[in-house]
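Please open the model in your viewer and keep the selection tool at hand.

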Amino acid sequence: MAETTEAPGLTVQSGFLSELFDRFRRSAEFVVIPLLALIVSGVLFSIFLLLVGKSPADFFALVWRGGFGTSFSWQNTLVRSAPLIFTALCVAIPARLGLVIIGGEGALVLGGFAAATIAIPMIDWAPAYLLLGVMAIAAMMAGGIWIGIVGALRHYRGVNETIASLLMFYIAVSILNFFVEGALRDPSDPNKPSTKPLGADNMIGVIPGTDVHWGLLIGILLCCALYLLMNRTTFGFAAQIAGGNLRAAQAQGLPVGKLMVISCAIAGACAGLAGFFEVAAIHGKANASLIAGYGFTGILVSFLARHNPLVIVPVAIFLGGIAASGGLVQRRMDLPDATVLVLQGLLFLVILVSETFYGRLSFFRSKGAA
Amino acid sequence: MSKFELSRRTLLQSSAAGLALLSSASLSRLAQAGNLTVGIVYVGPRDDFGWNQAHAVAAAALKDVPGVTVVEEENVPETIAAAKSMESMINLDGANLIFATSFGYYKPFVLDLAAKYPDVEFRHAAPLWTEGDPKNAGSYFGYLDQAHYVDAVAAGLSTTSNKLGFVAAKPIGTVLRNINSFLLGARKVNPDATVQVIFTGEWSMPVREAEAANALVDAGCDVLTCHVDGPKVVIETAESRGVKCCGHNASQAPLAPKGFITGAEYKWETIYKMFAADLAEGEPLPNFTGGGFDVDFVRNTPYGAGATEAAIAAADAARADVTAGKPIFVGPINKQDGTPLLAAGASFDNYEPSLDQTDYLIEGVTGSIT
């Protein structure tokens, strides 16, 4: 009512302000809904803790301390985040085309295996940078081909990509075990079958002043690059069209098959890189320890990030922190290690449910549009 | 070879020192332990009826020692997570002694951390430490084949088909040695006894363990034992098929109330308490500690309903013999392929270094390594 009596100049200004406010209100949706989802899952998890007779306050205090409270905790968190960034990209890129790839773990395993294998004949003579470069390329190719096959199967044979990628994970593990326990086994390690070690001189070091290997930085750069690819190029635009409506994309003459295979190959290459860093920065060789579940946690990261490569980084750090604090929670509160899995599961469910609220809450709609 | 001779020498020295200390260290001296915090990392659940439980039982015993705080973490995979769990125990819980109980923790994680934290003692449960490794790292282990030998003496008197079944994980040195010792124990009291072995290929693969156990019973075996991480499935299968069984790693007696004879168990608490006492005294910990009955590092599970009077008497006598140093490997013994291992009248000392490198099965064992 006050507005109607205002001078004309002021009305114009308030119109500008309200438009700004509307804009803010619409974009706030993407912050408020995930935040609410986090709070709801926190409340649900607190109820769970109370049911088993533990203090939620203690729990969250320990998660803070174990994941983010000290400089050691931060490094612990970041070390665990690095592989999650890569494996989340393996889910996020095909998701733009509407593909649900859940077998990134297989590409990780094969990427690590390929990197360690191609290194074997080179260890004795190649300088570290050459060795690591070749290993990284081999890892990306192995992972890229692996998930690329999934995309090709989907497009040319109509095979469900979710099931195919999951089942191919088991094949990847069998390939790893077959060679690591057979032809490529290093005889100097009689008890844990592994490939020949790279040697300390050939390993990727840590970011100076930290315990965190360079994979974290490469992962963040890769996220930025893939964000640009998917949001600022014709390739990304075409992929998004195909993801929105496959038939329409085909009718427009977009090369849908090519888009699918290439997106899947990029995704697989990302997961393959995760395997490369596991071998070149952590283990120094390929063995069953590569199968650590990063590929599966990556699915959670990508969904929480709504398949946005830039959001993947903070989400991976968030989940890395929860994982890092798991040990402290276990030791101090005498809770089983599965406790943090319950928290992760609740988060996943609540976030998935919260997806359905986008565009449905009138609060976030501008008045004109409503 | 020289490496193993050295290992053996340090081993015997440290065992002797351990015994001397054990006999002299009374609880009152342990009470001065002050603030010793021990961190223990397990690769699986603490209640797996097997490898991890054997350590957890010892950890519980260590908690009763005044002045000692124990922090534990289970289900820690052999990845960077293992390193970070141990580091978290050091940084956030103030641990000054770490027990890394899974094989794959040693290289590279224990070695790296020992270099990084020179004031913290690291001990790893497998004979991997060698000269040149950090002085604040070390190995501890038990010669479980001695306890399997005693098991087999009881088993040899319990079988009517003269066929004993052995479900084994991987064909590596310690496993093959246990199988060979099991046959020798059975042959000691029953010259007609044979041991049939099936390898599952994995340390923990419950489905395959059940299949193997059933196949052995189908083949006529009427006593089963095993060397897998968690013998639960094998013991339960034996009980449900109505045959007798001998345990491994920890006590499985509650799982087979009818057919349990006895079992081969580690007694880690001897070593854990010994190390705690050493640190309380300000003594350096040995880098290499191992032994069998003579130093109380292994034991047999209390006899179950499956053990007859005769079996109990013979097994008790066999244990007394081994404790006194009477050899298990007494010739003539041939390898499976017929090549002689020991001539008639020759024997191996129970700590014969070459037995650590066992890569053969002996005549009387059916089943193939490859």
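Helices (H or I, at least four residues) and strands (E, at least two) are DSSP runs, numbered from the N terminus. This is a predicted model, in which local features need pLDDT of at least 70, side-chain atom pairs count only at pLDDT 80 or more, and totals for chains, interfaces and linings use all residues. Residues are numbered from 1 along each chain as its sequence is written, and chains are lettered from A and ligands numbered from 1 in the order in which they are written.

First, select B:Asn75, in the loop between strand 2 (68-73) and helix 4 (80-93) of chain B. Although B:Asn75 is not a glycine, its phi is positive, near 55°. Most residues other than glycine have a negative phi, and most peptide bonds are trans.

Next, select B:Asp296, in the loop between strand 11 (288-291) and strand 12 (298-300) of chain B. B:Asp296 is likewise not a glycine and has a positive phi, about 65°.

Now turn to the peptide bonds. B:Lys107 and B:Pro108 are joined by a cis bond with omega of about 5°, and B:Pro108 belongs to helix 5 (residues 106-116) of chain B. A cis bond also leads from B:Gly331 to B:Pro332, with omega near 5°. B:Pro332 sits in the loop between helix 11 (309-323) and strand 13 (333-334) of chain B.

Finally, colour chain B by domain, with bounds taken from an automatic or database domain assignment: domain 1 (2-143 + 267-295) and domain 2 (144-265 + 298-366). The C-alpha centres of these two domains of chain B are 27 Å apart.
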